[in-house]
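Have the sequence and the 3D view ready as you read.

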Amino acid sequence: MIWEVFRQEQRGDYHTHCGNVHAPDREMAKQFAAIQHARRKPTHSIWVVPKDEIGELDAEETSFGGVTDKSYRWAPTYKSDLDHASEVIDSEGQQAEAEKQRGDA
Amino acid sequence: MAGEIESVDELDADEQEALETLLFSLADDEFVFAERYTEWQVRSPTLESDLALSNNAQDELGHARLWYDVLEDFGHEEHELVYERDPENWRHSTLVEQEFLEGDWADAILRHYLYDVAEEIRLEALEGSSYAKIAGRVEKIQDEERYHREHAESWMERLADGEGLERLQEAVDRLFPHAMTLFEPCAPVPSAEEASDDEPRAAEDVEETVVEAGFRTESLEELREEWVDTVCPYLEGLGLETPAVERVHFDEYEYEVEADVVADERGRDGSHTDAWDDLHAEFTSTYRELGRSQATKIMEKPQ
């Protein structure tokens, strides 16, 4: 039986697929995965998932989008460099400061 | 108090001998078992089990190196300890030197289980060692040993649940007497310089000093009792027979193993089975053939 293995480097990170192991059951799959996929990499947690339990949809069966031109959604004419946004940054700084003071009070 | 002894210079001659002897037994067990484990490489039943045993082998080699490194406090060097020592001066238990029966996975798993339970119990008794370097290295080893025991038990339970039971039973009959030698008192290794003017002390006396000086906080007898009380009910729970006798002692069940169950070759006293000569010749052959006089080191100090 094949178990797909997902590794999370640090608490809060996504579990990322990193390979699979052959194992008769979940317990042994976890033990094998720990050695095979986490021994030499920083790891906070590992998931093992039976391959059969994974639902798959591929590009042959459906169209995933992103094929038509949607560049009108972008706003390239706005200036986004930080020099022009200094007042936004200042304002954010002032708000953060104010929140902190409210918290202290 | 744990870890109060920083240097061997603080110890008298008997204590030095006892500490050195203890370290030989610890290091040699790990090294020789690792040598045997590597025989399974590319031969295990599946890729995953192959990697798991190779992982154990690598761990045990690392642990051996931690202990051999402490032996350097006595002026030893790694190449001399591993590649130039006479086979009769090795102090490992005969459990770890046995050949694996060809293709017998139950043998590998049972041996792995018997050894790693003993290892866990022994390490607990070293946590509070009076010798600072021992106490300081135990935790690192325990981290890895935890996986070993879980791995062994997973396999034991799965093998016992079917046709593997019979092969496990054969392995118990064959290996149990050798496992008992893990708890035999260890004879000191004669040093080349002292030659024969000083008779080395008896293994039992050395063991007494090991405990009195606090190098290990429990006696071998206590370790053996705990081991027997752990492995015997476990094996019997899986449907296996052991040489242990169950007794009721102050309302509690206790397992006892008669003294004559222990294998004739003790390992700890320098007597070994034929399997050891072959294994020793094999792992030292490259060193001899290439005329080496140093061990190759990847890192200056073990980590």
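This is a predicted model: local features need pLDDT of at least 70, side-chain atom pairs count only at pLDDT 80 or more; totals for chains, interfaces and linings use all residues.

Residues are numbered from 1 along each chain as its sequence is written, chains are lettered from A and ligands numbered from 1 in the order in which they are written, and side-chain values use heavy atoms, with hydrogens and water left out.

The predictor gives the complex an ipTM of 0.73 and a pTM of 0.84.

Start with chain A, which has two helices and three strands. Helices (H or I, at least four residues) and strands (E, at least two) are DSSP runs, numbered from the N terminus. Along the sequence, the pattern reads β-β-α-β-α. Of the 105 residues in chain A, 20% are buried, meaning under 20% relative accessible area, with exposed over 50% and partly exposed in between (1.4 Å probe, protein chains only).

The three strands form an open sheet in the order E2-E1-E3 (chain A), with antiparallel pairing; two strands pair if DSSP finds at least two bridges between them. Strand E2 (16–22) and strand E3 (45–50) of chain A are the edges, each with a single partner strand, so one side of each has no neighbour in the sheet. From one strand to the next, the twist averages 30 degrees; axes are lines fitted to C-alpha atoms, for helices over the stretch in contact, and angles run from 0 to 180 degrees between N-to-C directions. Strand E1 (residues 2–8) of chain A pairs with E2(A) over six bridges, and Phe6(A) sits opposite His17(A) in E2(A). Helix H1 (residues 26–38) of chain A packs on this sheet, touching E1, E2 and E3 of chain A; contact means heavy atoms within 4.5 Å.

Now hop over to chain B. Helix H2 (residues 47–71) of chain B is mostly covered, with 19 of its 25 residues buried. And what about H9(B): where is its kink centred? On Phe283(B), with a kink of about 35 degrees; the bend at a residue is the angle between axes fitted to the seven residues ending there and the seven starting there. Phe283(B) is also one of the buried residues of H9(B), and what covers those includes helix H1 (13–37) and helix H3 (78–83) of chain B.
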